Amino acid sequence: MTHLEIKSAVLIGNSMGGHIGLIFAKDHPEKVDGLNFFEVHLAAKTAIERAREGLGPSLLQIKTERYYGHFSGDADTYRSDEEKNEMRQNKDCLKIFRNKVIGSSLLNEKQLNDIDDKVLELIDNAVEFAREGAEPNLEDLTKDVYLSY
């Protein structure tokens, strides 16, 4: 770094695992559009087949967009309104999936709407079940947790 006239630097969040991951990613780059179900599915299938054939690990860099802020109280001021609207209008993974499935005649609009209705019903039933259920026992709080307290 002497050519940049920087006398010292501090690396934050640096680890050997991070370095190994970076080296592997440079040698075996697999970048996938995380908003495209079909690309992710194909990349995962390829990685699984690679592993099953004994050809070593795969590293998938799946690029996505944050639909909202980092948490419910995040004002999300680090992106412009135009950028957020563009992303929500043109990069919504569910809209992309729906358009590709209908465009390929794999499913039609009614079939997809029926699936959406069934999913909403399942969610409503799960919420109702959780609200009507008994509070968990305190001794169950750490059950099946892999760390001893």
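The largest pocket in this predicted model has a volume of about 180 Å³. Its lining is made up of Leu94, Lys95, Phe97, Arg98, Leu112, Ile115 and Asp116, and the elements that contribute two or more residues to that lining are α4, which covers residues 93-103, and α5. Of these, α4 supplies the largest share, with four residues.

Isoleucine 115 sits in helix α5, which spans residues 109-132, and, together with Val119, Leu120, Ile123 and Val127, Ile115 makes a nonpolar surface patch of about 400 Å². Why can Ile115 be described as partly exposed? The relative accessible area of Ile115 is 43%, and because partly exposed denotes the range between the limit for buried, under 20%, and the limit for exposed, over 50%, Ile115 falls into that middle class. Membership of a patch requires a relative accessible area of over 30%, so the value of 43% for Ile115 is in keeping with its place among the patch residues.

Seen as a whole, the protein contains five helices and two strands, and, when the chain is followed along the sequence, these elements are arranged in the pattern α-β-α-β-α-α-α. The protein has 149 residues, of which 11% count as buried.

Technical notes:
Residues are numbered from 1 along each chain as its sequence is written. This is a predicted model: local features need pLDDT of at least 70, side-chain atom pairs count only at pLDDT 80 or more; totals for chains, interfaces and linings use all residues. Side-chain values use heavy atoms; hydrogens and water are left out. Patches are made of residues with over 30% relative accessible area and no salt bridge: like charges are joined within 9 Å, nonpolar side chains (Val, Leu, Ile, Met, Phe, Trp, Tyr) within 5 Å. Accessible areas come from the Shrake-Rupley method with a 1.4 Å probe; for residues, only the protein chains shown count as cover. A salt bridge is a side-chain nitrogen of Lys or Arg within 4 Å of a carboxyl oxygen of Asp or Glu. Buried means under 20% relative accessible area, exposed over 50%, partly exposed in between (1.4 Å probe, protein chains only). On a 1 Å grid over the protein atoms alone, a cavity is a set of points where a 1.4 Å probe fits but cannot get out, and a pocket is an open set with protein on both sides within 12 Å along at least five of seven lines; lining residues have an atom within 4 Å of a point. Grid points are joined across faces, edges and corners, and a volume is the space filled by probe spheres set on the points.
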